[in-house]
Amino acid sequence: MAMTDVLSAEDIKKAVGAFSAAESFNYKKFFEMVGLKKKSPEDVKKVFHILDKDRSGFIEEEELKFVLKGFTPEGRDLSDKETKALLAAGDKDGDGKIGADEFATLVAES
């Protein structure tokens, strides 16, 4: 499944483009701009599974670094600071990774 099966290619391009500058990533604005906030819980889970590159059932810190590339190959890598901030926001149980339910909560709170 491709990200464009769930979200509009135009929304993805706009959202990723808005955060192309280093240290500019804001997950709340990004999830809103990309249209994820308006999606059903099932669609949010589909996006989670696309971002979970190693199919572990979690998005680990290493995968978070490439979250924008998960939406489009043109996306930049997040900085270590941005990656750690996103992990801190999403990792509700403190296990160092984001599970599907935590991801859904992160999107809902944005």
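## Helix 6 and the annotated EF-hand spans

In this predicted model, helix 6 covers residues 80-90 and has Glu82, Thr83, Leu86, Leu87, Ala89 and Gly90 as buried residues. Viewed along the axis of helix 6, the buried residues lie within an arc of 165 degrees, so they line one face of the helix. Lys81 and Ala88 are exposed and sit on the face of helix 6 turned away from its buried side.

What do the buried residues of helix 6 pack against? Their partners are helix 2 (27-33), helix 4 (61-64), helix 5 (67-71), strand 2 (97-99) and helix 7 (100-109).

Ser79 belongs to the loop between helix 5 and helix 6. Is Ser79 buried or exposed? Its relative accessibility is 18%, and buried means under 20%, so Ser79 counts as buried. The side chain of Ser79 makes a polar contact of 3.0 Å with the side chain of Glu23.

An unreviewed UniProt entry places the feature "domain: EF-hand" at residues 39-74 and 78-110. The computed values for these spans are tabulated below.

| Span | Distance between end C-alpha atoms | Helix | Strand |
|---|---|---|---|
| Residues 39-74 | 23 Å | 56% helix | 8% strand |
| Residues 78-110 | 18 Å | 64% helix | 9% strand |

Conventions:
Residues are numbered from 1 along each chain as its sequence is written. This is a predicted model: local features need pLDDT of at least 70, side-chain atom pairs count only at pLDDT 80 or more; totals for chains, interfaces and linings use all residues. Side-chain values use heavy atoms; hydrogens and water are left out. UniProt positions are given in the numbering used here, feature names are shortened, and annotations may be inferred rather than shown by experiment. Helices (H or I, at least four residues) and strands (E, at least two) are DSSP runs, numbered from the N terminus. Buried means under 20% relative accessible area, exposed over 50%, partly exposed in between (1.4 Å probe, protein chains only). The arc is that of the directions from the helix axis to the C-beta atoms. Contact means heavy atoms within 4.5 Å. A polar contact is a pair of N or O atoms within 3.5 Å; within protein, one must be able to donate a hydrogen and the other to accept it, and residues adjacent in sequence count only if both atoms are side-chain atoms.
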